[in-house]
Amino acid sequence: MTAALLYPFILVAGALQAIGNAMNAQLRGRMVNPWLAATVSFLPIVFVFTTLFFTMPTPLPSLDSLSKMPWYAPLGGLAGAVAVFGGLAFIDKVGAGPFNGLTLTANILTSLAMDALGLFGLQAAGFRPMPWLGGLLMAVGVIFIARSGGKSNGGEGHGMSGKLLYPFILVAGALMAIGVVWNAQLRGALENPWLAATVSFVPVVFVFALMFLLRPSPLPTRDDIAGVRWWMPLAGITGAVAVFAGLLFVDKVGAGAFNGLLITANLLTSVALDHFGWFGMKQVKAGPPRLIGAAVMVAGIVLISLF
């Protein structure tokens, strides 16, 4: 199967990731405690992938493949979870627009750098100007969409204190891209994709559960629990499709194309979710800035994918 034939699956994964983010936002609102919400979101993922592994336990990794596994490979899930922590800790301080713009721009540029230099087992493609131009266009598109989305929780006027957090947010975005490639390394070493997905998510659940035990308040009330819709705890599973797609496809299409397609589908779906107010999202009509940003992002991913 050629790389281009995998693009539709990656786009669907990106769209589901955006839907999962919207569902997670509703879950966080009902669970009150962000660490509890994250634990509830990630636990079903581990259950599903563990069940699938026990259902399809072959192939199993050999001692030789395990011995060649890089030490960082099992940490791919944790690397990606840094962005989740960044959202929990910083989004109310810098605003949703700057946070998403910074993380996704860092993700795109880090992905292109990994492809160019052949980092973490990827095949080195060298510096090619057209993909980098595409990355620049995607960054511009992200900024258009993010800035037109408004600020949350008093995002206006964060001033210098908010800007001091920008380096940490950029690191979180870079780790999002790196985590995808580490997961691909894990998949190669463990051979069984269900086992690889389980190993990737177990440390994430452990960290969030530990944080909840350390900071157990506030807790949701009975009214909060009563307001949990059946689909809210499934947010993590919906978003996990993107992680599983990374396990399978990133080494076939390259980090730049994979993350570019994923981010494009994610943001375009997010624009649609906001425009129609689906999954309890506050309705934000898609005006000219958002549509321009979407068009620029599509142009960017075309350059990354074709060149």
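**Close-up views of helix packing and nonpolar cores**

View 1. Helices here are DSSP runs (H or I, at least four residues), numbered from the N terminus. This is a predicted model: local features need pLDDT of at least 70, side-chain atom pairs count only at pLDDT 80 or more, and totals for chains, interfaces and linings use all residues. Residues are numbered from 1 along each chain as its sequence is written, and side-chain values use heavy atoms, without hydrogens and water.

**View 2. Residues where helix 8 meets helix 11.** Helix 8 brings Val 180, Asn 183, Ala 184 and Arg 187 into contact (heavy atoms within 4.5 Å). Helix 11 answers with Val 243, Gly 246, Leu 247, Leu 248 and Val 250. By class, six are nonpolar, two polar and one charged (Ala, Val, Leu, Ile, Met, Phe, Trp, Tyr, Cys and Pro count as nonpolar; Asp, Glu, Lys and Arg as charged; the others, Gly among them, as polar).

**View 3. The largest nonpolar core has 36 residues.** Such a core is a set of buried (under 20% relative accessible area, 1.4 Å probe, protein chains only) Ala, Val, Leu, Ile, Met, Phe, Trp, Tyr and Cys residues joined through side-chain atoms within 4.5 Å. Ile 10, Met 114, Met 138, Phe 258, Ile 263, Leu 267 and Met 297 touch the most other members. Elements giving two or more residues include helix 1 (7–31), helix 5 (96–117) and helix 12 (255–276). Helix 12 gives the most, eight residues.

**View 4. Surroundings of Ile 263.** Ile 263 touches Leu 104, Asn 107, Ile 108, Met 138 and Met 297, leaving aside residues up to four places away in sequence.

Technical notes
Buried means under 20% relative accessible area, exposed over 50%, partly exposed in between (1.4 Å probe, protein chains only).
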